[in-house]
Amino acid sequence: MREAKLKPDVISYSQGISACGKREQWQAALLLLSDLGEAKLETNVISHSAGVSACEKGGQWQRALLLFGEIGEAKLQPNVIINLQCWDQRVRDRCAVAAGSIAAQRNEGGESGS
(Lines give C-alpha, C1' and ligand atoms only; values in the text may rest on other atoms or scores of the structure.)
Protein backbone atom coordinates (compact mmCIF):
# COMPACT_ATOMS: atom_id res chain seq x y z
CA MET A 1 0.00 0.00 0.00
CA ARG A 2 2.85 2.36 0.80
CA GLU A 3 4.45 1.70 -2.59
CA ALA A 4 1.13 2.60 -4.23
CA LYS A 5 1.01 5.71 -2.00
CA LEU A 6 -2.20 4.53 -0.38
CA LYS A 7 -2.78 5.30 3.26
CA PRO A 8 -3.76 2.18 5.21
CA ASP A 9 -6.62 2.43 7.68
CA VAL A 10 -7.70 0.25 10.60
CA ILE A 11 -9.72 -1.95 8.23
CA SER A 12 -6.78 -2.70 5.95
CA TYR A 13 -4.55 -3.37 8.96
CA SER A 14 -7.18 -5.70 10.45
CA GLN A 15 -7.45 -7.59 7.16
CA GLY A 16 -3.67 -7.94 7.02
CA ILE A 17 -3.54 -9.21 10.61
CA SER A 18 -6.30 -11.69 9.85
CA ALA A 19 -4.51 -12.89 6.70
CA CYS A 20 -1.31 -13.43 8.68
CA GLY A 21 -3.27 -15.44 11.22
CA LYS A 22 -4.74 -17.69 8.55
CA ARG A 23 -1.21 -18.49 7.40
CA GLU A 24 -0.06 -19.04 11.01
CA GLN A 25 2.33 -16.09 10.81
CA TRP A 26 1.71 -14.71 14.27
CA GLN A 27 4.93 -12.65 14.29
CA ALA A 28 3.86 -10.74 11.18
CA ALA A 29 0.39 -10.26 12.67
CA LEU A 30 1.88 -8.73 15.82
CA LEU A 31 4.10 -6.46 13.72
CA LEU A 32 1.05 -5.18 11.85
CA LEU A 33 -0.80 -4.66 15.13
CA SER A 34 2.17 -2.68 16.41
CA ASP A 35 2.37 -0.69 13.15
CA LEU A 36 -1.31 0.13 13.55
CA GLY A 37 -0.56 1.94 16.79
CA GLU A 38 2.53 3.64 15.37
CA ALA A 39 0.44 4.92 12.45
CA LYS A 40 -1.65 6.75 15.06
CA LEU A 41 -4.72 4.73 14.15
CA GLU A 42 -7.02 3.48 16.87
CA THR A 43 -7.13 -0.24 17.33
CA ASN A 44 -10.51 -1.83 17.69
CA VAL A 45 -11.99 -5.14 18.79
CA ILE A 46 -11.63 -6.54 15.28
CA SER A 47 -7.91 -5.77 14.96
CA HIS A 48 -7.18 -7.10 18.44
CA SER A 49 -9.32 -10.19 17.91
CA ALA A 50 -7.45 -10.90 14.67
CA GLY A 51 -4.19 -10.63 16.62
CA VAL A 52 -5.49 -12.96 19.33
CA SER A 53 -6.57 -15.45 16.67
CA ALA A 54 -3.18 -15.27 14.91
CA CYS A 55 -1.37 -15.99 18.17
CA GLU A 56 -3.73 -18.83 19.01
CA LYS A 57 -3.24 -20.45 15.59
CA GLY A 58 0.51 -20.11 16.00
CA GLY A 59 0.40 -21.82 19.39
CA GLN A 60 1.29 -18.61 21.22
CA TRP A 61 -1.30 -18.86 24.00
CA GLN A 62 0.47 -16.50 26.41
CA ARG A 63 0.66 -13.77 23.77
CA ALA A 64 -2.96 -14.42 22.82
CA LEU A 65 -4.03 -13.97 26.45
CA LEU A 66 -1.98 -10.76 26.76
CA LEU A 67 -3.65 -9.32 23.66
CA PHE A 68 -7.05 -10.38 24.95
CA GLY A 69 -6.27 -8.55 28.19
CA GLU A 70 -5.44 -5.42 26.22
CA ILE A 71 -8.96 -5.40 24.80
CA GLY A 72 -10.32 -4.75 28.29
CA GLU A 73 -7.55 -2.31 29.22
CA ALA A 74 -8.22 -0.20 26.14
CA LYS A 75 -11.95 -0.33 26.90
CA LEU A 76 -12.55 -2.10 23.60
CA GLN A 77 -15.42 -4.07 25.05
CA PRO A 78 -16.46 -7.04 22.96
CA ASN A 79 -20.15 -7.71 23.06
CA VAL A 80 -19.98 -10.33 25.78
CA ILE A 81 -23.72 -10.96 25.86
CA ILE A 82 -23.86 -11.79 22.15
CA ASN A 83 -20.71 -13.92 22.42
CA LEU A 84 -22.19 -15.89 25.32
CA GLN A 85 -25.52 -16.30 23.53
CA CYS A 86 -23.75 -17.64 20.43
CA TRP A 87 -21.64 -19.99 22.56
CA ASP A 88 -24.71 -21.17 24.45
CA GLN A 89 -26.59 -21.83 21.21
CA ARG A 90 -23.65 -23.81 19.76
CA VAL A 91 -23.50 -25.92 22.93
CA ARG A 92 -27.25 -26.58 22.80
CA ASP A 93 -27.06 -27.47 19.09
CA ARG A 94 -24.20 -29.92 19.71
CA CYS A 95 -26.05 -31.51 22.64
CA ALA A 96 -29.14 -31.98 20.44
CA VAL A 97 -27.06 -33.59 17.69
CA ALA A 98 -25.36 -35.87 20.23
CA ALA A 99 -28.71 -36.85 21.76
CA GLY A 100 -30.12 -37.61 18.30
CA SER A 101 -27.08 -39.71 17.47
CA ILE A 102 -27.42 -41.72 20.69
CA ALA A 103 -31.14 -42.27 20.04
CA ALA A 104 -30.40 -43.42 16.49
CA GLN A 105 -27.78 -45.88 17.75
CA ARG A 106 -30.24 -47.28 20.28
CA ASN A 107 -32.90 -47.72 17.62
CA GLU A 108 -30.43 -49.49 15.34
CA GLY A 109 -29.54 -51.81 18.19
CA GLY A 110 -33.16 -52.78 18.69
CA GLU A 111 -33.57 -50.91 21.99
CA SER A 112 -36.78 -49.06 22.53
CA GLY A 113 -36.89 -45.70 24.24
CA SER A 114 -39.48 -46.92 26.77
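Tutor: Helices here are DSSP runs of H or I with at least four residues, strands are runs of E with at least two, and both are numbered from the N terminus. The model is predicted, so local features need pLDDT of at least 70 and side-chain atom pairs count only at pLDDT 80 or more, while totals for chains, interfaces and linings use all residues. Residues are numbered from 1 along each chain as its sequence is written, and side-chain values use heavy atoms, with hydrogens and water left out.

Let's take helix H1, which covers residues 10-22. Its 13 residues reach 18 Å from first C-alpha to last, close to the 18 Å expected at 1.5 Å a residue (the expected span is 1.5 Å times one less than the number of residues). Just past the end of H1, glutamate 24 adopts a positive phi of about 55°.

Now for its two sides. Buried means under 20% relative accessible area, exposed over 50%, and partly exposed in between, with a 1.4 Å probe and protein chains only. Val10, Tyr13, Ser14, Ile17, Cys20 and Gly21 are the buried residues of H1. Viewed down the axis of H1, they fall within an arc of 125°, so they line one face of the helix (the arc is that of the directions from the helix axis to the C-beta atoms). An α-helix has 3.6 residues a turn, so residues three or four places apart point the same way. Ile11, Gln15 and Lys22, on the other side of H1, are exposed.

What does the buried face meet? Its residues pack against helix H2 (26-38) and helix H3 (45-57); contact means heavy atoms within 4.5 Å. Valine 10, in H1, touches Leu36, Leu41, Glu42 and Asn44, not counting residues up to four places away in sequence. Valine 10 and leucine 41 are 31 residues apart in sequence, yet 6.4 Å apart in space, C-alpha to C-alpha.

H1 and H3 pack at about 15°, with their axes 8 Å apart; axes are lines fitted to C-alpha atoms, for helices over the stretch in contact, and angles run from 0 to 180 degrees between N-to-C directions. H1 and H3 are therefore roughly parallel to each other (under 35 degrees). From H1, the contact involves Ser14, Ile17, Ser18, Gly21 and Lys22, and from H3, Ile46, Ser47, Ala50, Gly51, Ala54 and Lys57. Serine 14 counts as buried because its relative accessibility is 5%. Leaving aside neighbours within four places in sequence, serine 14 is in contact with Asn44, Ile46, Ser47 and Ala50.

Technical notes:
Angles under 35 degrees count as roughly parallel, over 145 as roughly antiparallel, 65 to 115 as roughly perpendicular and the rest as oblique.
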